[in-house]
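Please look over the sequence and the model shown here.

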Amino acid sequence: MTTDIEAADDDGSVDRISLYGLVHDGEASERDKVIQVVALLTTVLRHHGIDVRPVASSAGRALVVNMPAGHASVIEVTVSARNDVHDEVLRLQRAAAAAPRFRHVLLSMEGYTDDDMRVPHPVDAAGGLILIDRTHFEAILYGLIDPEVLLAEVAHHADFEQRPWTSLTDLLVMEPASDPAQFQRADRRPAPWNIVGQAHARVRVRHVLTGDRGWGSPHGFTAADGQLLLTVEHGIVQADLARGSVGWLLPLLGCHGAPLVRDDGTVLVLCRDGVVAWKDGVLTPVGGGFTNARALMEGPGMSVWVLAGHGTSLGDSDGTLALTRLGDGPGRQHTHRIYFNADVRTAGWLEDLRFFLAAPGHSAVIDLARSSEVRPEDRIESPHDRPNHIVVINPRRVITAAASPNGVHASVYRTDIDTGTSTLIAELNSNRVDGLARNTAGDLLLLGDVRGNDVTTPCPIVVAISPVSAGVPAAAASGPPPEVKAPNVPVATNGAHGQPDLAEPTGLSATPAEDLRRVSIEARGMRKDYKLDPRPLVPAGGQGTVFGAVHKPTGQRVAFKRLNQTTTAYRARMRREIEAAQRFGWHQNVMPVLDFDSAADWFVMPIASHSAQGVAADLADDEALRKLIAAICEALREPHQAGWIHRDLKPDNVLWLEDRWVVADWGLGRRPRGQTTDPNRTRAGTEFGTPGFAAPELWRDAHAVSAAADIYSIGQIIGWALTGAWPAVNVPLLPSTGPWRNVVKAATQALPELRPATVDDLLLLIAVELDPPAELPISRAEHLLARVRDDDDAALDELVRLIAGRAGDYELYMDVLTELIDEQVRKAVTGNPSAFRDIVQAVPDLHSNTGVVLEYGDVDRLVTWFLTVAYQAEKIEEWDLMEDVADAILYLDLWDRWNVQSDIRAWFATRTGHAAAVVAAVIRRNPDNHRHFVDLVDDRQVDHRIRAALVSTSGRAS
């Protein structure tokens, strides 16, 4: 394992923190654990650019470390129990005295006794004994402190205090240089202007506190037991909400984001690239490795989650966005990559594994038990440009707050997740929003800033937003919130009136989840949560072995796949399999992953009843085979569109799950271009995939293949099912006869560009070869027309809908539609006027889009027919249809057919009332027809609006 850890870091495919969890929880001997920790420490130090050289030691293995500043250290590791470390401390004390030019460092993973901590430190300007423990190592591993800085600080403390031990708390938690700036009650120090711009009628906005001079810009805050915890540049301060007094809670550089207060009083906060816990004066690292950490939140079962990274940018990559569940022990982080092309600013937990991701443009709700990819239907339009702060009210509603881009005002919105709508709760005259929280009374607390034109001098304010009961005036006010809690009556939600809801709705009950979903929700990435069967479900594969197992917390039977070898290449492939299933497992034809190990040593999936290989004889049936191939194609559509290629489709990797086929085992899959971790794993000219099913180009250069490689494999699966034979390498397995032969032949062409390009192209080819020819629309219409002539009203309605669905089809109009007699037209118009609007509006398409030139006879028939429609539309007062018909008639009049112009003229001349107004409006829109009907201007029997319209167009004709 030592070699694998070292190689893993260079490759970048295995997370060091996950490996640390494996080392810590493993059952190796003490000597092997020492070797593993030394190897992991080597990768960590090298990651920081530190020169490291392993050497032998009495403990098994040690490191000589040359710091960039010129200091040299010898680091040894022990995993012995705390009470058994003393002899090693004394040995290193002697070694330090004998070799003063080196610092001698002992890393004890189990800590030290008080006697060890008091061992005298050899006095020497360059050397000495230093004792560090697991918390120091985790601080380096999690990104809380640079290793060179940590060792230098520990050495400085050792030299100054003449003892080798300094706790991580004493190293990082500093005595504050001064007291923090204070708050004043709003009635004593009002804001420089009116805070409230506007507020919903059902909320009350109160200005509570104003900051004194001396504040920096806070990075977030939370509310707990009448106190506010604010994250500032030098740590966390605690403010009394009623009085405004402020004091230090945790003076620690690098803190950011809103703190999270646990039920036992522990305060968690993001710090640099990690997360620390503060309780009873002790600082403990609890997680890390978070690049661009954005939010800390509670999740299911009181778990703690971190949002970190960034979303996809301009579609050029999948980004680094992730939600990580912190475990209950060292290195036990459980990370879910999130695929969302948005700049996610913050997040909140809703229920189960559902989270709200707040982002500019569109926010989203993601269900990690279903997929790690945000689908279009998961998106919700964001009411803010930069929604940086969120409070979850309940699983159906969230509150977000943000300042406007110009820094003039701030807005607070409630978003209803079910409807995707947002309602303004309040608009505040605040230059910034630095935090949003909710206290135990149900009030929203907003941390704003009213610095005004003095942009370099922060002036924080705290504003309370409370729901009010009916009959209570919702006036803005200043001063502290009342000492009593707000009435425990939820504000009713009325979507039609957009009333805000700041309270939990009554009667909210969770929908019972499926058994397998419960496994996903309770997944922790912990091997001990599963009891494996003694024998595998199927013979071991090349990469892993699948066992039946029981998920102990739920009692659910699952399939547990574990690696056969924990090498870098095997882990990378299993990680790829997990990633593909997380991203595409929402699809019913892709095998989902229920739980997984962050180091990619194992994962859990549902148990399938059999593979395609197990029912080979049944697949010779056309219907059964088609169902299988359709499922494979459906499973591959979105992965192919996203740039993923499976590269190992074969009967064993298509499984029957409950009532459907699913594609599994993406271990040999290729990520989209630019996202592969090591293209050299697929060297050109090496065997790749399963011989016989693998496309020829996989052997030439497996990294450069396209979706056509998977198309080839599907073709070979079809041949295998129909012939009962195993395919030979690079030889198409063609059925001897039948429609499938052409499908297989097309799919297994030697050149990828000659195969169907997509799975949809393949499905279309299958439909062409296997399905009877579809009835042409004109044929269907002629059959319906014959039934209409036999007075079949149902056929008339179906005929109208058929033609409306193919509006602009010349054959349907000229050979069928105009064959309807006047009585049938009037009945059809009355029965479905909206369909007739579609038919009429498409008249220009008859001439412009079909490649058909309308003949004079066609125009005459259409005008006569449409006049019948127009008269009936007027009779039933379908004015929109009448207007569309008039437009169509004047379009056809451009053919200047004198023998129907008299009919059009007569229709114009006899219109009165609203019908005349409709005709007049259409005439004004069509000035080119003016010359055909100008004689109506002098006819006093014609409605004055029609005559006026003709006059107005006289000078506009082209």
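Helix axes are lines fitted to C-alpha atoms, over the stretch in contact, and the angles between them run from 0 to 180 degrees between N-to-C directions. Helices (H or I, at least four residues) and strands (E, at least two) are DSSP runs, numbered from the N terminus. The model is predicted, with local features needing pLDDT of at least 70 and side-chain atom pairs counted only at pLDDT 80 or more, while totals for chains, interfaces and linings use all residues. Residues are numbered from 1 along each chain as its sequence is written, and side-chain values use heavy atoms, with hydrogens and water left out.

The protein chain holds 27 helices and 40 strands. Of its 958 residues, 54% are buried; buried means under 20% relative accessible area, exposed over 50%, and partly exposed in between, with a 1.4 Å probe and protein chains only. Contact means heavy atoms within 4.5 Å. Among contacts in the chain with a separation of 6 or more, 59% are between residues 24 or more positions apart.

Start with helices α22 and α23 (residues 879-893), whose axes come within 9 Å and cross at roughly 160 degrees. The pair is therefore roughly antiparallel, on a scale where angles under 35 degrees count as roughly parallel, over 145 as roughly antiparallel, 65 to 115 as roughly perpendicular and the rest as oblique. Their crossing is left-handed, a term for a near helix turned anticlockwise from the far one by less than a right angle, with clockwise giving right-handed. On the α22 side, the residues that meet α23 include V859, L862, F866 and A870; on the α23 side, the residues include W879, M882, V885 and I889.

Leaving aside neighbours within four places in sequence, V859 is in contact with L854, L892, W895 and R897. V859 and V900 are 41 residues apart in sequence, and their C-alpha atoms are 8.9 Å apart.

A nonpolar core is a set of buried Ala, Val, Leu, Ile, Met, Phe, Trp, Tyr and Cys residues joined through side-chain atoms within 4.5 Å. The largest one has 63 residues, and Y813, L820, F866, V869, W907 and F908 touch the most other members. Its largest share, 9 residues, comes from α22 (residues 856-875). Apart from this core lies another, of 50 residues, among them L45, V52, L172 and C271. In soluble globular proteins, nonpolar side chains tend to be buried together.

Helices α13 and α14 pack at an angle of about 145 degrees, with their axes 8 Å apart, and α13 passes α14 in a left-handed crossing. Here I711, Y712, G715, I718, G719 and L722 in α13 meet W740, V743, V744 and A747 in α14.

Helix α13 also packs with α11, at an angle of about 170 degrees and with the axes 11 Å apart. This makes α11 roughly antiparallel to α13. The α11 residues in the contact include L625, L628, I632 and L636, and those of α13 include D710, I714, I717 and A721.

Turn now to strand β31 (residues 460-467), where I465 lies. I465 is buried, with a relative accessible area of 0%. The C-alpha atoms of I465 and H207 are separated by 8.9 Å, although the two are 258 residues apart along the chain.

Two loop residues remain. Most residues other than glycine have a negative phi, and most peptide bonds are trans. D225, not a glycine, has a positive phi of about 55 degrees. D225 is found in the loop between β9 (220-224) and β10 (227-232), and is exposed, with a relative accessible area of 71%. M302, also not a glycine, has a positive phi of about 65 degrees. M302 lies in the loop between β17 (293-298) and β18 (304-308) and, at 37% relative accessibility, counts as partly exposed.
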